[in-house]
Amino acid sequence: MFNFRAMVGVLAKHEVEFAVVGGLAGVMQGAPIHTQDLDILYSLRPPNPSRLLAALQELDATFWDDPRMLRPGISHMESRGHKLLGTRFGRID
């Protein structure tokens, strides 16, 4: 079940520097759309990638639609580009 409040709560608990973007950002501004994922942009400045990784570990994040259920590592968080992840509260990209 998609629970963006829980995901944002875990990110905040770990003091991750991030901004909500995408469909959910539009919904938060009153757009009449429906979304089932949390899209974020995050700072690559240390220690933010480590904080994000700790939050993702707490959320039990794995790469979306990968049958191997691979978990992200610090090298993923320190690099640019899309990370499509599933968590126990829904998708976070």
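Residues are numbered from 1 along each chain as its sequence is written. Because the model is predicted, local features are reported only at pLDDT of at least 70 and side-chain atom pairs only at pLDDT 80 or more, while totals for chains, interfaces and linings use all residues, and side-chain values rest on heavy atoms, with hydrogens and water left out.

The secondary structure comprises four helices and five strands, where helices (H or I, at least four residues) and strands (E, at least two) are DSSP runs numbered from the N terminus. From the N terminus on, the order of the elements is α-β-α-β-α-β-α-β-β. The C-alpha trace spans about 35 × 30 × 25 Å along its principal axes. The accessible surface comes to about 5700 Å², of which 57% belongs to carbon and sulfur atoms; accessible areas were computed by the Shrake-Rupley method with a 1.4 Å probe, and for residues only the protein chains shown count as cover. Of the 93 residues, 37% count as buried, a term that denotes under 20% relative accessible area, with exposed set at over 50% and partly exposed in between (1.4 Å probe, protein chains only). Among contacts (heavy atoms within 4.5 Å) between residues at least 6 apart in sequence, 57% join residues at least 24 apart.

The largest nonpolar core contains 20 residues. Such a core is a set of buried Ala, Val, Leu, Ile, Met, Phe, Trp, Tyr and Cys residues joined through side-chain atoms within 4.5 Å. The residues with the most contacts inside this core are Met 7, Leu 11, Leu 38, Leu 52, Leu 56 and Ile 92. Two or more residues of the core are given by each of α1 (4-13), β2 (37-42) and α3 (48-58).

Helix α3 has as its buried residues Asn 48, Pro 49, Leu 52, Leu 53, Ala 55 and Leu 56. These residues lie on the same side of α3 because they cover an arc of only 160 degrees around the axis, the arc being that of the directions from the helix axis to the C-beta atoms. The elements against which they pack are α1, β2, α4 (74-77), β4 (85-87) and β5 (90-92). With neighbours within four places in sequence left aside, Leu 56 is in contact with Ala 61, Pro 72, Met 77, Leu 85 and Ile 92. Helix α3 is followed by Asp 60, which has a positive phi near 60 degrees.

Met 77, in helix α4, is buried, with 1% relative accessibility. Residues up to four places away in sequence not being counted, Met 77 touches Tyr 42, Leu 44, Pro 49, Leu 52, Leu 53, Leu 56, Pro 72 and Lys 83. Between Met 77 and Ile 92, the separation is 15 residues in sequence and 13 Å in space, C-alpha to C-alpha.

Thr 62 belongs to strand β3 and is buried at 8% relative accessibility. Beyond its neighbours within four places in sequence, the contacts of Thr 62 are Met 69, Leu 70, Arg 71, Pro 72, Leu 84, Leu 85 and Gly 86. Met 69 lies in the loop between β3 and α4, where it is exposed with a relative accessible area of 52%. Its phi is positive, near 55 degrees, in a residue other than glycine. The loop between β3 (62-63) and α4 also holds Asp 65, whose phi is likewise positive, near 60 degrees. Asp 65 is exposed at 71% relative accessibility.

In the loop between β2 and α3 lies Pro 47, which is joined to Pro 46 by a cis peptide bond with omega of about 5 degrees.

The structure holds one aromatic pair. The rings of Phe 2 and Phe 4 have centres 6.3 Å apart and planes at 35 degrees, so the pair is classed as tilted. Rings of Phe, Tyr and Trp (its six-membered ring) pair if their centres lie within 6.5 Å; planes under 30 degrees apart count as stacked, over 60 as edge-to-face and the rest as tilted. Phe 4 is partly exposed, with a relative accessible area of 23%.
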